[in-house]
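Biologist: I am new to this structure. Please pick a single part and go through it closely, including what lies around it.

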Amino acid sequence: MNSETAYLFRHAIVRDAAYQLQLPGVRARLHGLAFAAIEELAGGRRPAPAPVGSGEGGRLAPHPSDAFAEELAEHAANAGGEGMLAAQRQYLRRAAEAADRRSRNDAAERLWRRLAELSTGTEKGASLCRGAAAARVAGRTRIAEPMILEALALARATRDHALEAVARSSLGNLFAETGRTREAIHAARRALVMQRKSADLLAAGATLGNLATLFQGVGRVRDAERLFEESLELLKSDPERRAFPLLNLAGLYKQTGRLREAESLLDEALALHRRHGNRRREGIVLASLANLYGETGRPELAERVYRESLSIHRETGSRRSEGVALANLAGHLRETRRYAEAEPAYEQGLAILREVGDRRQEGMVLANFANLLQESLRLPEARAAYEKALAIHRELGNRPFEGITLGNMAGLLHDTGRDVEAEEAYLQAISIHRDVGSRRFEGVHLVEYGVFLLKRGRVPEARANWIEGSAILKSIGDTTTLEEETGAMREECARAGISAFE
């Protein structure tokens with residue numbers, strides 16, 4: 001122990017001993033003095049805000065006292081006396097919101113819990129939901145769920161419909177993240193009914209966006225697009241909230257082959273999150289942009305943005321998003337044939353997603369990892385990974401990814417001499433893509449099916465499927481995939497002694 005450390009240690013012991021020697025009444029007065037001095041230095045107390053969860057109880061504007069809010073709450077608690085409980089609650093609220101803004105998720109959860117313990121009714125329930133949201137971001141869904149259920153029980157007991165809407169919306173988000181799609185849809189619908197009854201149009205707009213995302217995930221693309229448009233209309237007066245349905249609508253546009261429109265929406269969402277300083281959601285939008293850059297032939301830009309997204313998620317403690325970002329980066333490394341770097345990134349991403357209980361993302365990442373195993377010629381491992389991913393997709397009703405996984409697995413079945421099963425898988429995949437409007441993968445698997453048919457000597461069918469699939473890929477601007485598949489097609493045509501399908 002060096003001299004400076006020894007001094008600090010002794011100083012802490014002396015200070016604690018001096019504090020313990022004071023009588024309780026003296027201690028309380030000292031805390032009161034400290035509270036008053038710090039509050040004055042921080043610019044004085046703001047007017048008492050509306051309670052959390054009330055109609056006027058939105059997020060608080062930042063204030064210089066926020067930097068000392070938790071310390072002020074502690075002094076108020078120890079000072080006691082008339083008026084100090086209200087001050088303690090006010091500063092706990094400010095400290096919790098400041099922790100939320102800075103993505104200090106552990107601190108935010110702890111502070112919202114403390115505020116809930118000192119509150120009743122709507123404020124107690126809303127504080128529990130806010131704490132649960134911080135826990136969810138940090139990947140602690142097992143902790144978040146009982147907090148939301150406690151808020152929901154409180155809402156029912158007090159017949160507080162506004163709080164019930166908040167709790168059901170929070171529960172729907174948690175169900176969606178943990179793969180319980182049916183329960184998520186039910187919770188979102190119940191929340192929406194209550195929000196419309198109470199004319200809370202902004203909350204209804206956010207819930208409509210969440211419901212649209214759920215519908216997109218089960219292949220109800222037309223319903224999803226309609227709900228996204230309704231959501232954006234309701235949220236036009238709240239740009240920060242509007243950014244999230246913009247992101248998810250961009251995903252739908254990307255799925256249905258409208259890549260330019262998707263990129264435009266992502267750029268708009270990114271600008272909104274940056275304007276409002278929402279770093280966590282900035283990272284999420286960047287990941288979607290990186291995916292798009294990769295699919296439209298901009299690999300260097302894609303990798304830079306993937307890494308920027310991953311850095312933001314680690315900075316903000318967004319555990320689930322970190323897992324997704326790692327898997328996205330792994331997919332890019334796989335596509336650029338850097339398998340030695342891609343495999344550990346996939347494994348780390350999967351470990352995080354399993355840790356936080358995100359079954360939906362686990363299934364999608366597992367299917368992508370199977371592609372790497374297949375390309376690395378580890379065919380039994382690839383088959384096992386595909387089958388496990390397919391089981392998760394079917395369990396959760398994830399139709400778009402069921403189709404993607406079937407189509408990719410068809411190639412593996414062909415490589416292992418199981419052509420009858422391979423053809424059945426291709427046809428099932430293409431049918432699903434058409435059902436859910438997944439234009440890019442319809443194109444990808446049509447051209448792959450064309451090459452498969454060519455290898456089996458069924459030239460007219462091969463040509464028809466190839467031409468249809470390549471036209472789709474051209475129309476959506478997926479030049480990278482088309483170039484790769486064109487090379488494979490030309491090789492097979494040369495072997496067959498026929499002209500290429502161009």
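Modeller: In helix H15, the buried residues are Ala302, Glu303, Val305, Tyr306, Ser309, Leu310, Ile312, His313 and Thr316; buried means under 20% relative accessible area, with exposed over 50% and partly exposed in between (1.4 Å probe, protein chains only). This is a predicted model, in which local features need pLDDT of at least 70 and side-chain atom pairs count only at pLDDT 80 or more, while totals for chains, interfaces and linings use all residues. Residues are numbered from 1 along each chain as its sequence is written, and side-chain values use heavy atoms, without hydrogens or water.

H15 covers residues 299-316, and its 18 residues reach 26 Å from first to last C-alpha, close to the 26 Å expected at 1.5 Å a residue. That expected span is 1.5 Å times one less than the number of residues. Helices here are DSSP runs (H or I, at least four residues), numbered from the N terminus. Just after H15, Gly317 has a positive phi of about 70°.

Apart from neighbours within four places in sequence, His313 is in contact (heavy atoms within 4.5 Å) with Arg280, Gly283, Ile284, Ser318, Ser321, Glu322 and Ala325. The cover over the buried residues of H15 includes H5, helix H14 (279-295) and helix H16 (319-335).

With 13 residues, H5 should span 18 Å at 1.5 Å a residue, and its end C-alpha atoms are 18 Å apart, which agrees. Its buried residues are Asn105, Ala107, Ala108, Glu109, Leu111, Trp112, Arg114, Leu115 and Ala116. Among the elements covering them are H15, H4 and H6, along with helix H3 (69-79) and helix H7 (141-158).

Of these, H6 (residues 121-137) packs against H5 (residues 105-117) at an angle of about 165°, with the axes 8 Å apart. The two helices are therefore roughly antiparallel, a term for angles over 145 degrees. From H5, the residues making this contact include Asn105, Trp112 and Leu115, and from H6 they include Ser127, Arg130 and Val137. By type, the contact residues divide into 8 nonpolar, 3 polar and 5 charged.

H4 (residues 84-101) contains Ala98. Ala98 is buried, with a relative accessible area of 3%. His63 lies 35 residues from Ala98 along the chain, and their C-alpha atoms are separated by 9.4 Å.

Technical notes
Axes fitted to C-alpha atoms, helices over the stretch in contact; angles between N-to-C directions. Parallel < 35°, antiparallel > 145°, perpendicular 65-115°, else oblique. Nonpolar A, V, L, I, M, F, W, Y, C, P; charged D, E, K, R; others polar.
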